[in-house]
4 protein chains.
Amino acid sequence: MDKYKIASGFAPFSPCADRFNVAGYRDPLSLDEQFSAAARIQGLEGVGLDYPYQFAKPSEVQPLLGKTGLRFVTLEIGLYPDRKWRNGTYTAPDPGIRREAIEMSKRALEVAAELGAEDVLLWPGQDGFDYPFQSDYGRFWKLLVEGIGEVAAHRPDVRIAIEYKRQEPRAHCYVRNAGVLLSLLHELGLDNVGGCIDLGHSLAAGENPGEAVVLLSRAGKLFQVHINDNYRDWDHDLIVGSVTFWETLEFFYWLRRCGWQGWYILDIFPYRIDGGQALQEGVDRTRFLIDLAERVDTEAFRGSLERADVIAAGRELWQKAFK
Amino acid sequence: MDKYKIASGFAPFSPCADRFNVAGYRDPLSLDEQFSAAARIQGLEGVGLDYPYQFAKPSEVQPLLGKTGLRFVTLEIGLYPDRKWRNGTYTAPDPGIRREAIEMSKRALEVAAELGAEDVLLWPGQDGFDYPFQSDYGRFWKLLVEGIGEVAAHRPDVRIAIEYKRQEPRAHCYVRNAGVLLSLLHELGLDNVGGCIDLGHSLAAGENPGEAVVLLSRAGKLFQVHINDNYRDWDHDLIVGSVTFWETLEFFYWLRRCGWQGWYILDIFPYRIDGGQALQEGVDRTRFLIDLAERVDTEAFRGSLERADVIAAGRELWQKAFK
Amino acid sequence: MDKYKIASGFAPFSPCADRFNVAGYRDPLSLDEQFSAAARIQGLEGVGLDYPYQFAKPSEVQPLLGKTGLRFVTLEIGLYPDRKWRNGTYTAPDPGIRREAIEMSKRALEVAAELGAEDVLLWPGQDGFDYPFQSDYGRFWKLLVEGIGEVAAHRPDVRIAIEYKRQEPRAHCYVRNAGVLLSLLHELGLDNVGGCIDLGHSLAAGENPGEAVVLLSRAGKLFQVHINDNYRDWDHDLIVGSVTFWETLEFFYWLRRCGWQGWYILDIFPYRIDGGQALQEGVDRTRFLIDLAERVDTEAFRGSLERADVIAAGRELWQKAFK
Amino acid sequence: MDKYKIASGFAPFSPCADRFNVAGYRDPLSLDEQFSAAARIQGLEGVGLDYPYQFAKPSEVQPLLGKTGLRFVTLEIGLYPDRKWRNGTYTAPDPGIRREAIEMSKRALEVAAELGAEDVLLWPGQDGFDYPFQSDYGRFWKLLVEGIGEVAAHRPDVRIAIEYKRQEPRAHCYVRNAGVLLSLLHELGLDNVGGCIDLGHSLAAGENPGEAVVLLSRAGKLFQVHINDNYRDWDHDLIVGSVTFWETLEFFYWLRRCGWQGWYILDIFPYRIDGGQALQEGVDRTRFLIDLAERVDTEAFRGSLERADVIAAGRELWQKAFK
C-alpha cells in the first residue's frame, strides 16, 4: 500500500489574491493549465476541487484526470466563494438562500460520487458572525444541524467531512474547533458525516493538532486531513513544517498511531513565492514527516508517552530527527 | 424569585499569590474572617468553597453559614492545589494517584450533599500537558472519561458541573473549551453531569461566551456560571465588565434568553487592589448587567438578531445602555 | 473650533473582497459615486484616498471635493495594492522595485501638497516576511530607513505619518507596533515624519491603545489617528466601539489629554453590511465617544489615574457612561 | 574562546509555585544545595541570582562560586518578588516606594560590581497595569525613565540590561516588547544601559526573535540573552526548542551573525519535571543549536536571505538539520 498518499488543491496555481491586492500576486491559469502544473509535482498523486466554482460538470474534469493520472480525491462544496453567501449558507437568515445552499450541496454529492471522490469536503466558512449581538445563536445552530442533516441524508453512501475553522472569512465561525465539531457530529449522529482536521486551523484554534487527531479518531470520525502551517494566529496556509516543527511531527505521529490510511491534502497559499516550488517543497516535507513519525514510533517512545515522561521522549526525538 | 443570585469564592480575601511573589499580595485570613468579610458585601448571597483545601468537614462551615446567612452554593473538588496532582488527577500516570483523586471526589460529593450545595464544581485543571509529545492522548482521555464517570455514578443525586479552561496551571488542559466539554458530556451521557461556563475562560478560549451559553443550554447541560474578565489572552480574573463590555452583556443576555435561574458566581483575583471593594464592584456591575440584559430584550431586538441585522441591534444597544 | 473632525476612506463603498471571494461582497462604484455616497453621511467631513490606485491626478479629485464640500484630509501612498510590491517596496530585494516605490512616494508628496492634504499616510504593509529564515533583517531594516528618509527629504514641508501593523498582507510586517515605530522615528530623526495609530492595529498588536497615544504624543510624533475595532486577533476593521468599549473610550480620553486637534479617520471594512449605514454608525459613535471622554475628564478622575486607583476610576466611569 | 557560554538561574532547583499551588511542586533547597545541583549540570558554566531575595551579601555567594567553579554572570535586581512592589517600583504612585526601589537598585549595582558580574538585569515586571483606566501613562512613563536614569547614573561602569515582557505579573507591563524597549533606550541615551532579549518573551510579544536580535544589535544595545520556549501565548518558560524549533534556530543564527560573544542564560521553570534533567536537556540543546546555526551559515544561505528566497533557504535548512 502507498503510504505517501499526497494531494492538493490548486491554490498554488491561482492568483492568491487578498483584500489589499484583489488582482492577486500572479496571473490566473485555466483548469487545464492547473492540472498540468500539478502533474509536474513529483510525488503529488491527487487533487481536490471546488464545485461548482472550479468546475461545473464531471466532464470538465475527467479528461484532465485521465491525461495527468491524478486522482480526484475530494470535492469541496462551494459554500464560500460567492457574494450570495454573505450572511451564511445553511444558516442564512433568508430561506431562499438556505434552500439554494442545500440544493447545491446535494448536487455536489452527486458529482463527487460520479467522479469517484473519496469524500466531500463541507466547510461552512461563511456561517458565523462578525460582531457581538449579530446572531441568534440558538436559531442558527439549529438551522446548521438541519441543513447538514438534509444534505447528508440525500446520499448516505457519500462521506462528508466537515472542516472546522476559528475564523475567516467571518470574524467568528460557528464550527470553530475540534470540540465544537465533535459535538456537532454527536448531534447529527450520521454515519456518513465526519470531520476534517486542517493542521493550521487546529493550531490557530489553540489546540494541539495531534490531540485533535486522537479526539476525532476515537470517535470514529476522522475523515479528512489537510496540512499546512502558521503562527497559531491566523490561517496563513504556509508550507507545512515551516514554523511549527514538533507539533507538526506529533500530528503525523498520531495519525500513524490512529491508523490513518487516507490522504494528506496540502492546503497552502503561496502568495508571493513560486506555487510549483512551494508545493514540491510541501510534498517533500510531507514524505519526510511520514517517515520520521514512523522512525520515532518505538516501544520505548510509546512508553515515555504513557508515563508522560517528556524528558525521555524529547531526548529520543532529538536523537532521531537531527544530524 | 430573586433574580440577583450572586455568589463568590474567597479569592478576594486570600493572599492572591503568583509565581513571582509566592507570599502573596496580602496577609491570609482565617475561614471565619473570610466569611465575615464576604458578609459585608452588599448583595452577595452565596459562597463556593474548595474541599478539602479550604475546609475538611461540614461542621467547619455550617456555623459560619449560620452566622452570616450566606448560602453554600457550590463545592469545588480540590483537584488542583496540591503537589501530588502535578501530573494530573483522574489522568495521572500513577494509578495510586488516580485512585486518590477519585476517592477524594466521591467524598466531596457526600460533603456537598450534606451542606445542601446546588452542585459540585469539577475543574480538572491539572489534567493536561505542557509540552508536545508529553501525552498519550488516547490513554489519558479514556482515563478522564472513566474517572469522571465513576465519581458521578457514586451519587447520581448530586449535580456535577465540569469547568473548562484552555490552560493554567498546565500549558494545555484537556478540557479546553466549550466544544470539547460538550463532546465529553455526550460521551459520558450522565444526567447529573453538566458544564460550567466561566466567562473569562470562554473569552480566553477564543469563543463568544454568549454562544457558549446557547450551546450548552440547548443540550440541557448548563449547570454553573462564573463571571470575571480578561483580555482574551489569559485567565486574569479581573472584575467583570472591566475590559469586555459587549460580549459580557451578550453573555448575560443569552443566559436570560436560555432561562437561566441559577447563580452568578464571581470568580475574581484582585491581586493588588482591595478585595472587598473589588468584590463589591463586581456585585454591583452584575446587578446592572442583569438589568440591562432585561432592558434590551425587546421583540424588536430579538428580530434584529434573527435577521442578523447588526446595525439595528447596535443602535438599540447604544441607546439603551448609554446616557 | 470643530471638535468632531471625522473622516473616512472609501472602503465602505468598495466591494470589500477577501481571498475567498475575490469579486467582493458588493458591486464597485465610480469615484464620483463614492464621493456622493460619502457626502450623504451626516457628520462626515473629510476623506482620505490612495494615490495612484484610487486616483492618479489632483484634477480627478478636486471637482468632487468642490461638489461635495468634503475635505481632502490625507493621501495614502499606494504601497500595497499591486502585485509588483509582492516582496516589499522600500525593502524589495530588487533595486528597480525599490526605486519605483521611492519615486512614486515622492510624487505622492507632491500630489498631497497640491491637494492641500493635512499629511501623507505611509503604510509599508508589504514590507515584512511570511516565513522564518525569509529575511536578512539587518539589510532590509537599513533599506527601510534609507527609503523613508529619501522620500521624506524630498518635501520637508509635507508631513508623513507612518502606520504600524503587526501583520497582513504579510504574516509579519517590519513596522509591527508602536514601540518599533517610535524607535524607527528616533532613528530617522526627521521633523516631518511621525506616526499614525490605527486603533485596531494597536489592539491587534497587544497594546493598550491609550498608552500608545501617550507614547507617541510625549515624543511629539502623533500625526494621524484611525479608528475601528476587532477582537485583538486580526485587523477585522469593524465599526468602532463594537467589541472593545473601554479601551476605545480610553483611547479617546488620552487623545483629549494629549491635546489631539486632528482628524478621527474611520477605517472600517463593512464586508457584509450596508457600507453607508455602517459608516454613519461609526460617525455617530465617534461623536458620542468624543463627548463621553470629555465628560469623564474631571479633576477627581485624573487623580484616580495618578494614584492608579482603578476602583474609584471604574465607579466614575460606570456612573458617567450608563443610564 | 569558549563559544558555549551557558548559564542559568536557580528556578529549576526551586519549588516552582504557581497561584493555584503556592507551596510549589517540589521542596525548597538552600542556596548551597542549589549551587551543588547546578554544578552537576554538564556544560553549565555560570549563574544569575536575584539580589536581595536570593542572597543579601556577596560573602554568601563567593564561597559557593569558589567551591563549584561557576561564574557569577548576572545579578537580577529584585524588583518583583515582594508585596511592596504591588503597584510598581520606579513607577509606584507612592514616592517612598519609588525611592526604596531606586536605592535597592543602586545597592544591586554595587553588589554586582563586587561579584564581578558581566552586567545587571533590570526587569520592571511589576511596573504596568491590570485594567483599562488604571494608569496615568504619561506620568508613569516619565517616572520609569527618571528612575532607571538615576540608577544607571549611579555606576556608569556597570552595564544594565533591561528585560522586556508583555505581561505577568501585571496584565500589561510598560516595557512590553523590543520596540518599546528600544525607544526607551533611545530616550535614556546612556551607554551603560541596554536590553535583554528573552526568547520566550519575544515569542509571546508576537515578534520574530531573530529580528529582535538584529534590531537591538544594530543599535548597539543587545546586552543579555535568555533562552526558553512557549506557545507564543504566555511565558511558560519551557525547555528551549521544545515547541518553537525554527525561530529558535533563527534566533541563534542571528546572534551569530550579529557577533554575539555573551552568555546564553537558560530561564526555564520546570514545574512538574525534574529540574536537573530539564536543565541538562536545555544545556545540551543549546550547544546543538549553537552548532547548527554555525553549520547553516554558508555564503549560499546568506544569499538566500538577501534575496528573500525562502524556498532555497528552507531546502538548505532541512538538509542541514535532519538525518
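## A helix and its neighbours

In helix α3 of chain D, the buried residues are D:Ala101, D:Ser105, D:Ala108, D:Leu109, D:Val111 and D:Ala112. Here "buried" means that 20 or more other C-beta atoms lie within 10 Å of a residue's own, "exposed" means 12 or fewer, "partly exposed" is in between, and the C-beta atoms are placed from the backbone. Helices (H or I, at least four residues) and strands (E, at least two) are DSSP runs, numbered from the N terminus.

Before going on, a word on the source: this is a predicted model, where local features need pLDDT of at least 70 and side-chain atom pairs count only at pLDDT 80 or more, while totals for chains, interfaces and linings use all residues. Residues are numbered from 1 along each chain as its sequence is written, and chains are lettered from A and ligands numbered from 1 in the order in which they are written.

What do the buried residues of α3(D) pack against? They pack against β2 (46–51), α2 (58–68), β3 (71–77), β4 (119–122) and α4 (137–154) of chain D. Two residues are in contact if their C-beta atoms, placed from the backbone, lie within 7 Å. The helix covers residues 95–115, and its 21 residues should span 30 Å at 1.5 Å a residue; the end C-alpha atoms are 30 Å apart, so the two agree. The expected span is 1.5 Å times one less than the number of residues. After α3(D) comes D:Gly116, with a positive phi near 70°.

## The core

In soluble globular proteins, nonpolar side chains tend to be buried together. A nonpolar core is a set of buried Ala, Val, Leu, Ile, Met, Phe, Trp, Tyr and Cys residues joined through C-beta atoms within 7 Å. The largest one here has 444 residues, and A:Val120, B:Val120, C:Val120 and D:Val120 touch the most other members. Leaving out residues up to four places away in sequence, C:Val120 touches residues including C:Leu75, C:Ile77, C:Leu109 and C:Ile160.

## Chain A as a whole

Chain A has 11 helices and 10 strands. Here are some of its figures:

| Feature of chain A | Value |
|---|---|
| Span of the C-alpha trace along its principal axes | about 60 × 45 × 40 Å |
| Share of the 323 residues that count as buried | 60% |
| Share of contacts with a separation of 6 or more that join residues 24 or more positions apart | 77% |

Zoom in on A:Ser135, in the loop between β5 (128–129) and α4 (137–154) of chain A. Is A:Ser135 buried or exposed? It counts as buried, because it has 30 C-beta neighbours inside 10 Å. Not counting residues up to four places away in sequence, A:Ser135 touches A:Phe129, A:Phe140, B:Leu305 and B:Ala308.

## Where the chains meet

Between chains A and B, 39 residues of chain B are in contact with 39 residues of chain A. On the chain B side, α5(B) gives the largest share, five residues.
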